[in-house]
Amino acid sequence: MTDAIYLDNNATTMVDPSIVETMLPFFTEQFGNPSSMHSFGNKVGFAVKKARQQVQSLLGAEFDSEIVFTSCGTESDSTAILSALKAYPERKEIITTVVEHPAVLTLCDQLSKEGYKVHKLSVDDKGRLDLDEYKELLDNKVAIVSVMWANNETGTLFPVEQMAEMAHAHGVLFHTDAVQAVGKIPVNLQQTKIDMLSLSGHKLHAPKGVGVLYLRRGVRFRPLLRGGHQERGRRAGTENTASIVALGHASDMAAAHLTTENTTVKAMRDRLEAGILAAVPHCFVTGDVDNRLPNTANIAFEYIEGEAILMLLNKAGIAASSGSACTSGSLEPSHVMRAMGIPYTAAHGTVRFSFSRYNTMAQVERVIEVVPPIIAQLRKLSPYWGENGPLLEPDKAFLPVYA
């Protein structure tokens with residue numbers, strides 16, 4: 001697979017070799033518990049402190065104590081939302097959006113069953129929010145607003161800084177799931193009203209199993225995990241020190257390559273879209289193309305299944321991702337595509353190509369060469385496709401019923 005092309009970086013990223021080198025001593029030489037008083041622990045404690053400052057710098061946080069290490073983005077999301085509900089027990093409402101990651105939506109659905117009222121903001125056909133709808137929901141019954149900074153499927157950016165200011169004006173805490181945004185766009189939290197932010201290490205070339213909850217100083221907080229005094233009593237459990245050190249190094253690298261993300265990586269993304277749209281009829285880019293992450297392209301290929309596209313791409317050595325939540329044989333398009341009102345004849349055929357700084361323009365040209373014949377091959381098998389193109393009334397050919 002040395003010639004394989006990896007374009008699924010929104011799912012996870014390769015751990016940079018220099019980051020692996022940084023980690024290795026913390027398995028065999030610097031293995032002490034950072035809470036221990038002896039020299040083995042002391043050295044590791046200093047390494048964790050340095051990593052905390054590196055993450056602080058990437059996020060533009062005012063204090064390094066605002067950085068709480070966790071196991072992943074999902075833990076950070078759950079900690080933020082559940083903390084707000086416990087810190088403000090008289091408030092029983094939550095505001096989020098219909099296009100959040102399952103890390104937030106599934107938790108909110110469970111909280112709804114437990115008696116909390118969850119408001120899910122809708123989006124338009126480009127995945128954009130209506131801030132007037134948001135403003136109407138803000139009052140003293142709301143414990144927390146949790147809105148993603150960038151959508152993981154389309155890359156569409158939400159105006160979280162403005163939304164945080166609006167929340168603060170009503171005395172409401174604001175949390176953002178920023179696992180896709182950090183390292184790809186500039187973040188300077190001390191100039192915002194964002195109270196809590198979730199980050200995941202494996203989205204920016206650190207290993208899986210480490211995340212961060214940014215917790216603004218002074219925000220009322222209740223821990224999710226209770227036990228030892230680690231992380232100033234805000235997250236119990238012995239620290240994953242090798243991964244924390246790796247995340248610190250990855251944060252420095254992300255900051256150093258932020259311009260690359262928005263020039264070189266963006267240029268590859270734009271070239272891929274232009275090349276495919278020029279060669280393949282009946283396809284389009286989903287999301288807000290004028291306001292999105294520089295590394296993400298989500299293309300809807302009409303009248304065919306995304307999973308079939310991915311299988312043939314994989315056969316050609318190209319790794320991408322489908323917009324469909326096609327698990328357990330449901331064959332339903334993703335909740336993001338459905339929320340944007342993408343017709344089912346297109347929503348089923350969405351493919352996400354997500355880049356990193358390790359991709360090359362030569363790889364992009366290879367993908368542009370491979371995709372058109374795959375689409376043509378699959379359309380010959382499609383019930384929506386006739387001799388000379390799409391059927392005039394595809395609903396009469398096949399009408400799926402979603403769960």
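**Figure 1. Charged and polar pairs between domain 1 and domain 2.** In this predicted model, zero salt bridges are found by the rule across the interface of domain 1 and domain 2, while 14 residue pairs, both members at pLDDT 80 or more, are in polar contact between the two domains. On the side of domain 1 that touches domain 2, helix 9 (258-279), strand 10 (296-301) and helix 11 (335-339) each supply at least two residues, and helix 11 gives the most, with four residues.

Figure 2. The chain is divided into domain 1, made up of residues 5-11 + 261-380, and domain 2, which covers residues 17-256; their centres, taken over C-alpha atoms, are separated by 28 Å. Contact between them involves 26 residues of domain 1 and 27 residues of domain 2, and together the two domains bury about 2,200 Å², of which 53% lies on carbon and sulfur atoms. The residues of domain 1 that lose the most area to domain 2 are Leu293, His335 and Met340, which together account for 24% of what that side buries.

**Figure 3. The buried face of helix 7.** Within helix 7 (residues 160-169), the residues Val160, Met163, Ala164, Met166 and Ala167 are buried. Viewed down the axis of helix 7, these buried residues fall within an arc of 160°, so they line one face of the helix. The elements against which the buried residues of helix 7 pack are strand 4 (117-121), helix 6 (131-137), strand 5 (142-146) and strand 6 (173-177). Just after helix 7, Gly171 adopts a positive phi of about 70°.

How values were computed:
Residues are numbered from 1 along each chain as its sequence is written. This is a predicted model: local features need pLDDT of at least 70, side-chain atom pairs count only at pLDDT 80 or more; totals for chains, interfaces and linings use all residues. Side-chain values use heavy atoms; hydrogens and water are left out. Buried means under 20% relative accessible area, exposed over 50%, partly exposed in between (1.4 Å probe, protein chains only). The arc is that of the directions from the helix axis to the C-beta atoms. Contact means heavy atoms within 4.5 Å. Domain bounds come from an automatic or database domain assignment. Buried area is the accessible area (1.4 Å probe) that two parts lose on being put together, summed over both. A salt bridge is a side-chain nitrogen of Lys or Arg within 4 Å of a carboxyl oxygen of Asp or Glu. A polar contact is a pair of N or O atoms within 3.5 Å; within protein, one must be able to donate a hydrogen and the other to accept it, and residues adjacent in sequence count only if both atoms are side-chain atoms.
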